[in-house]
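This briefing is for a reader meeting the structure for the first time. Please look at the sequence and the model before reading on.

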Amino acid sequence: MNKKKNFLRNFAMISQLSINILVPTFLCLLAGMWIDAKFETSYWSVILLIIGVLAGGKSAYDTAVNALRMEREEQEKPEDIVARYNSEHGKGVEKNEISEKNKSDVS
């Protein structure tokens, strides 16, 4: 079951990254071609294609970084999350408060 879940998660990530790159690229290319045809120029397609590729790359990068952060957080133990929170925000939450909260959530 875990292999199937990982396969589906990886397939979804590859699909999402592909869409993040392709959609802005083609939209900008189509807009550039339309502008070039409308105003009888020949440079807007190239300019907007470059902008589309850069925007798609930035979007794919943000998506990948967010996915890696979420995967790391899924693997962390509650104690590690509390320690990181406390180091970022001061004293924060105590370890036993989390274990009591988990017990009350299960009940």
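How many helices and strands does the protein chain have? The protein chain has four helices and zero strands, where helices (H or I, at least four residues) and strands (E, at least two) are DSSP runs, numbered from the N terminus. The model is predicted: local features need pLDDT of at least 70, side-chain atom pairs count only at pLDDT 80 or more, and totals for chains, interfaces and linings use all residues. Residues are numbered from 1 along each chain as its sequence is written, and side-chain values use heavy atoms, with hydrogens and water left out.

**Whole chain**

- Read from the N terminus, the order of elements in the protein chain is α-α-α-α.
- Of the 107 residues in the protein chain, 11% are buried (buried is under 20% relative accessible area, exposed over 50%, partly exposed in between, with a 1.4 Å probe and protein chains only).
- Among contacts in the protein chain with a separation of 6 or more, 45% join residues 24 or more positions apart (a contact means heavy atoms within 4.5 Å).

**Helices α1 and α2**

- Two packed helices are described by the angle between their axes and the distance between the axes.
- Helix α1 covers residues 2-39 and helix α2 residues 44-75; their axes come within 7 Å and cross at roughly 160 degrees.
- That angle makes α1 roughly antiparallel to α2 (angles under 35 degrees count as roughly parallel, over 145 as roughly antiparallel, 65 to 115 as roughly perpendicular and the rest as oblique).
- The contact of α1 with α2 involves 17 nonpolar, 10 polar and three charged residues.

**Two leucines of α1**

- L30 is in helix α1 and is exposed, at 54% relative accessibility.
- Between the C-alpha atoms of L30 and L49 there are 8.6 Å, and the two residues are 19 apart along the chain.
- L27 is also placed in helix α1 and counts as exposed at 53% relative accessibility.
- L27 and G52 lie 25 residues apart in sequence, with 7.4 Å from C-alpha to C-alpha.

**The loop between α1 and α2**

- E40 is found in the loop between α1 and α2, and is exposed with a relative accessible area of 74%.
- Most residues other than glycine have a negative phi.
- E40 has a positive phi, near 55 degrees, and is a residue other than glycine.

Note on methods:
Axes are lines fitted to C-alpha atoms, for helices over the stretch in contact, and angles run from 0 to 180 degrees between N-to-C directions. Ala, Val, Leu, Ile, Met, Phe, Trp, Tyr, Cys and Pro count as nonpolar, Asp, Glu, Lys and Arg as charged, and the others, Gly among them, as polar.
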